[in-house]
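Please keep the sequence and the structure in view while reading.

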Amino acid sequence: MIDKIKSEWKDCVSKALEKYIGSDNFPEPGMGVPPKPEMGDIAFPMFAYAKIKGMNPVKIANEVCELISSSAHPAGTLSTAGAYLNVKIDSSSLFSELAKTIIGQGDSYGKNSSLEGKKVMLEFSCPNTNKPLHLGHMRNDSLGESVAAILKANGADVMKVNLINNRGVHICKSMLAYKEFANGETPERTGEKGDHFVGRYYVRFANWSKEVEARIKELEEKGCKQEAEKLKADSPDARAQRMLKAWEDGDEEVLALWRMMNKWTLDGLEQSYKDMGISFDRYYYESDTYKFGKSEVLKGLEQGVFFREKDGSVQIDLADIGLDKKVLLRKDGTTIYITQDLGTAIRRHEDWPFDSMIYVVASEQAYHFKVLFHILKKLGYGWAAGLHHLSYGMVNLPEGKMKSREGTVVDADDLLAELSSLAKDEIISKGREALVGDVEECSRKIALAALNYYLLQVSPSRDMIFDPKKSISFSGNTGPYLEYMGARISSILKKASEEGLSISPDVDGSLLCNEDEEHLILLLSSYPALVKQAAEGYDPSVITSFLYDVAKTFSHYYHDNQILKADTPALISARLCLCQAVLQVLKNGFALVGIPFLESM
RNA sequence: GAGACCAUAGCUCAGCUGGAUAGAGCAUCAGUUUGCGGAACUGAGGGUCGGAGGUUCGAAUCCUCUUGGUCUCGCCA
């Protein structure tokens, strides 16, 4: 709606300029926003025309302003400030139509059909099945889930997929440690979550391997070469490698162990996803796709896209994009990471012919995706042009990087539990247990808001510092603050209906004429354009900053203006209607960035 | 050595395809409740936008160079 007004004004200014300059050979007027709201809502700088006319831009602004004012023009008030031509939109007259749109469309307000008919596959999360999720995954999952919601809001047909990294030597490591040390222990028996249980054996392996290595070194220093060699041949790492070979050869015992432990981990991860509000439409498993990847590479070899090195390995020369050679199949015929990813991409396009596929993967893999996409193009897949790597930076801690070796990795489940518990403390200390109903559920939803908002407000490409203590802060620019605004507005509306006041979009919008009201109306009407912008850049932070802006403005408004006790019944109705519209837009925005809406908290 | 990403207030971050006096939050200091949720609101101090050139009427934003940081350049995933 606001877009329409803006483009009408742009046309109007453009036409006036044409008349003023006396030709249509001039740059389109640029549009901006004045630095202060009282100056207006749209700004047209006149500098560019100063040169053409050989005149002072201030004079141009004044004369064009007069030219427009003296004839018919779109609704709004013109003024000038220096070389700027400013338009003040009549927001209160905008409101009645806007309110009808927002309240009428409800949850659909802000959605559009710009990606209608587009099939977008979105890959994210992609855990290993040897340990639980950590904070890094949480940024990935938050981004993936949010981008999916944003693309859907733009009309795209989105398929969320997860690729489970369930094979490889790292998986064998936890299996081997389990076999060696567990004595038949199971998650059921210890009461542990499956992913944590398996993760414990992965850590156990690492320590074990370190111990043995130290012993080997000791023996070598003592000169006991034979014994050292013997120990080396039977070291944990050597045994893990042998286990991998047995796995690939289909050894039933190894496969049975693998199935059992994978299930434990996946059951655990499934629970974490559920707790975090993450879901997928389809799962892919590396164990299913790696062989297919191999056959595709061999096909490419026949086609001459790849070549066989003297040692028997299959490679591709990437000199055409300024890169080195890249191995696709080892000399012994086994596959590597990229082989599997090639297979997965091709299989996915067969399964569900997407227009584009987005990989949400950390920026450290930028090189990998550059190579992957290029190879798919060279294999002749036209759809490879629609592949995109949504790269995001690392999550660091205030103390520095997370390092698994130093035990500084923040576990996802632990973090969520910690945040929930802090939220719970807050509910209890405020004496709101009765009000919120299910305290546990409410705490969890506050924790999610805190987490998702904190992770999504930072531009994806940047590394970020996650401070667990600061993230749970309940005041300031945080997820809980936004939720709180939603709850306060809900509370007002609830009270209104208890008092028998009806809320309808049929109100006199012209009564909403103070600065905050005007600002709110313009914000609400700008929301649909932002939903589009967020999709174009795959950037949820567009939505988070908008939501904060709305909440902050409403907070200020609410502080200074009475709603239920406004001067006249007509004003009460108008303000209630505004509240309803603000609440609806907040809710709609929340849904795009993983902030659960709470009626009360 | 080559490439990618990043550098904005004490700290954590915004800043849309170049526009007016570079903005929030936290922290610090000072205030606001005879009111619908104080998890709130208001105000103050705090900046050479890493540095140097260039393009432009105009640069945090675009270009070049440079400094610093992170990551990558594996027959690991």
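Which element gives the most to the surface near RNA strand B? That element is α19, with 7 residues. This is a predicted model, in which local features need pLDDT of at least 70 and side-chain atom pairs count only at pLDDT 80 or more, whereas totals for chains, interfaces and linings use all residues. Residues are numbered from 1 along each chain as its sequence is written, chains are lettered from A and ligands numbered from 1 in the order in which they are written, and side-chain values use heavy atoms, with hydrogens and water left out.

**Surface near RNA strand B**

- RNA strand B is surrounded by 61 residues, the closest being Y84, D311, K401, K430 and R432, where near means that a heavy atom of the residue lies within 4 Å of the strand.
- Of the atoms of RNA strand B that come within 4 Å of the protein, 63% belong to sugar and phosphate.
- The residues of this surface divide into 27 nonpolar, 17 polar and 17 charged.

**Individual atom pairs**

- For N477, a polar backbone atom is 3.3 Å from a sugar or linking oxygen of RNA strand B.

**Lining residues of the second largest pocket**

- α20 (515–536) supplies the largest share of the lining of the second largest pocket, 8 residues.
- The residues of this lining divide into 12 nonpolar, 5 polar and 8 charged.

Definitions and conventions
A polar contact is a pair of N or O atoms within 3.5 Å; within protein, one must be able to donate a hydrogen and the other to accept it, and residues adjacent in sequence count only if both atoms are side-chain atoms. Helices (H or I, at least four residues) and strands (E, at least two) are DSSP runs, numbered from the N terminus. Ala, Val, Leu, Ile, Met, Phe, Trp, Tyr, Cys and Pro count as nonpolar, Asp, Glu, Lys and Arg as charged, and the others, Gly among them, as polar.
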